Amino acid sequence: MARILALDHDDLVRRAIDRILRRHGHEVFLAAHVQQALRLAQDLDFDVAIVDFQLPGTNGVAVLEQLRAVQPRCMRMLTTGHLDLPMVKGAVNQGAVSRVIEKPLDRRELVDAIDAAMNNRRRMRDVWEAQRIASLDREQLDLDECLRGEFITIALQPIVESGTGRVFAHEALLRSTHPTLHGPLPVI
């Protein structure tokens, strides 16, 4: 199940999107204007945003760029009744849009687009998780190498009381010459 934000100024289109996607088990939030959609995006995490290209006072690509700033992991789709190749190419190349769906909306195409978007999100999450684990594994190997080798030195520096010259404490200083774990903070 996906959480979907649908923005279209046409009530009939919004209701059709809602009906189609709810029948397929998705949670749909409808917005009639840009401000409403952006408020929803501030409050809720969305898996997919479906935005009409022709909106009063703006266009869907600009709205999807705003949504990308608020929710970078949200898959962004543009609907349009006037398929304009330069506009589509520009929107996709900018990264604002992952898919363009032509109006009138075809039920099967809409459902397939959502399914494909969710599959892409899962693949992206799996790649991110694999990279995170690989990074942790690399950090562990570097730390093991650092601790086994001759990369770490510790120096004790006396802290002297001014006036009397009496040592009242020591400061322990950790140094590392390891190529990736240089300095005390990366080692710790």
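Which residue of β7 is the bridge partner of Leu78? The views below are taken from a predicted model.

**View 1. Strand β6 pairs with β7.** Val100 in β7 is the bridge partner of Leu78. Strand β6 covers residues 75-80 and runs parallel to β7. The two strands are joined by 4 bridges. Strands of a sheet pair through backbone hydrogen bonds, either parallel or antiparallel.

**View 2. Five strands form an open sheet.** The 5 strands follow the order β2-β1-β3-β6-β7, and their pairing is parallel. β2 (27-31) and β7 (99-102) are the edge strands. Each has a single partner strand, so one side of each lacks a neighbour in the sheet. From one strand to the next, the twist averages 20°.

**View 3. Helix α2 packs on the sheet.** This helix spans residues 34-43. Helix α2 touches β1 (3-7) and β2. The direction of α2 makes about 140° with that of β2.

**View 4. Helix α3 meets helix α4.** Two packed helices are described by the angle between their axes and the distance between the axes. Here the axes of α3 (residues 60-70) and α4 (residues 85-94) come within 11 Å and cross at roughly 5°. Angles under 35 degrees count as roughly parallel, so α3 is roughly parallel to α4. On α3, the contact uses Val61, Glu65 and Arg68. On α4, Met87, Ala91 and Gln94 take part. By type, the contact residues are 3 nonpolar, 1 polar and 2 charged.

**View 5. Five residues line the largest pocket.** They are Arg73, Arg121, Met124, Arg125 and Trp128. The lining divides into 2 nonpolar and 3 charged residues, with no polar ones. The space in this pocket is about 200 Å³.

Methods. Residues are numbered from 1 along each chain as its sequence is written. This is a predicted model: local features need pLDDT of at least 70, side-chain atom pairs count only at pLDDT 80 or more; totals for chains, interfaces and linings use all residues. Side-chain values use heavy atoms; hydrogens and water are left out. Axes are lines fitted to C-alpha atoms, for helices over the stretch in contact, and angles run from 0 to 180 degrees between N-to-C directions. Angles under 35 degrees count as roughly parallel, over 145 as roughly antiparallel, 65 to 115 as roughly perpendicular and the rest as oblique. Contact means heavy atoms within 4.5 Å. Ala, Val, Leu, Ile, Met, Phe, Trp, Tyr, Cys and Pro count as nonpolar, Asp, Glu, Lys and Arg as charged, and the others, Gly among them, as polar. On a 1 Å grid over the protein atoms alone, a cavity is a set of points where a 1.4 Å probe fits but cannot get out, and a pocket is an open set with protein on both sides within 12 Å along at least five of seven lines; lining residues have an atom within 4 Å of a point. Grid points are joined across faces, edges and corners, and a volume is the space filled by probe spheres set on the points. Two strands pair if DSSP finds at least two bridges between them.
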